[in-house]
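Colleague: Could you walk me through this model before I start my own notes? I'd like the terms spelled out as we go.

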Amino acid sequence: ALRQYTLIDYIATVFAFVSVSIPNFFLALGGIFVFAVILRWVPTSGMYTIGKEDSLLNSLHHLILPAAVLGLSQAAPLIRYVRSSMLEVIRQDFVRVAHAKGLRYWVVVYRHALRNALIPIVTIIALQLPILFSGTVIIEQIFSWPGMGALTITAILSRDYPTVMAITLISGFIVVLFNLVADILYVLIDPRIKYS
């Protein structure tokens, strides 16, 4: 947003559009083909290597590709939202006044513009994070990673209603919790917002 219509802006915009357009499962399969099969940098699936001692480094090595796929799919819309929110705030009068007072460029950007631009971004992040916690079924199935999504599918297929109800309750609690965290962050980000 600060370098609008420059090469960096065009690259970030194209990257965001391509990442949003590619479905998660296709991105995951492409990542497996390129980084696990051709380059052999990361394992194809599972939570640990069979035959090796289970360790934190081994699990993190297996987590790189699934986390990268999920992060890329979640980050792409954020790029667009942050850019549009910053462009809207940068053109406001209070930013011009801050520049006119002689404040340094980065002080104006971080203290004045970014803090006001973060309000809608915090809301979007608060709505996206429960998706990661409550389970991403497709990614967990592709990478054979045991998680809430895989547990949900197993419980549904075996008609384990108490487990399905417990997962639904946990997912609902996580959504409410992150909405509460977003409301608390509003006060920290924007001093104009006060809760009595």
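Modeller: Let me begin with burial: a residue counts as buried under 20% relative accessible area, as exposed over 50% and as partly exposed in between, using a 1.4 Å probe and protein chains only. This is a predicted model, so local features need pLDDT of at least 70 and side-chain atom pairs count only at pLDDT 80 or more, whereas totals for chains, interfaces and linings use all residues. Residues are numbered from 1 along each chain as its sequence is written, and side-chain values use heavy atoms, with hydrogens and water left out.

Colleague: Fine. Is Gln-74 buried or exposed?

Modeller: Gln-74 counts as buried because its relative accessibility is 15%.

Colleague: Where is Gln-74, and what does Gln-74 touch?

Modeller: Gln-74 sits in helix H3, residues 56-90, where helices are DSSP runs of H or I with at least four residues, numbered from the N terminus. Leaving aside residues up to four places away in sequence, Gln-74 touches Gln-128, Ile-131 and Leu-132, a contact being heavy atoms within 4.5 Å.

Colleague: New topic: how many salt bridges turn up in the whole structure?

Modeller: The search finds two, taking a salt bridge as a side-chain nitrogen of Lys or Arg within 4 Å of a carboxyl oxygen of Asp or Glu. In one of them the side chains of Arg-83 and Asp-9 meet at 2.7 Å, N to O. That pair links distant parts of the chain, with Arg-83 in H3 and Asp-9 in helix H1 (residues 7-21), 74 residues apart.

Colleague: Are Arg-83 and Asp-9 buried or exposed?

Modeller: Arg-83 is buried, because its relative accessible area is 17%, and Asp-9 is buried as well, with a value of 6%.

Colleague: And which side chains form the bridge at 2.8 Å?

Modeller: Those of Arg-96 and Asp-93, which both lie in helix H4 (residues 93-100), three residues apart, about one turn of the helix. Asp-93 is exposed, since its relative accessible area is 54%.

Colleague: Which residues make up the largest nonpolar core?

Modeller: It has 10 residues, namely Leu-27, Ala-28, Ile-32, Ala-36, Val-42, Leu-65, Val-69, Leu-70, Ile-139 and Phe-143; such a core is a set of buried Ala, Val, Leu, Ile, Met, Phe, Trp, Tyr and Cys residues joined through side-chain atoms within 4.5 Å. Helix H2 (24-38) and H3 each supply at least two residues of this core, and H2 gives the largest share, four residues.

Colleague: What about pockets: how big is the largest pocket?

Modeller: The largest pocket has a volume of about 280 Å³. A pocket is an open set of points on a 1 Å grid over the protein atoms alone, with protein on both sides within 12 Å along at least five of seven lines, and lining residues have an atom within 4 Å of a point. Grid points are joined across faces, edges and corners, and the volume is the space filled by probe spheres set on the points.

Colleague: Which residues lie nearest the centre of the largest pocket?

Modeller: Of the 15 lining residues, Leu-70, Leu-132, Thr-136, Glu-140 and Trp-145 lie nearest its centre. H3 gives the most to this lining, with five residues.

Colleague: And what lines the second largest pocket?

Modeller: Its lining includes Asp-9 and Arg-83, along with Ile-79, Val-82 and Met-86 among others, and the volume of this second largest pocket is about 200 Å³. H3 again gives the most to the lining, with four residues.

Technical notes:
1 Å grid on protein atoms, 1.4 Å probe; cavity = no way out; pocket = protein on both sides within 12 Å on 5 of 7 lines; lining within 4 Å.
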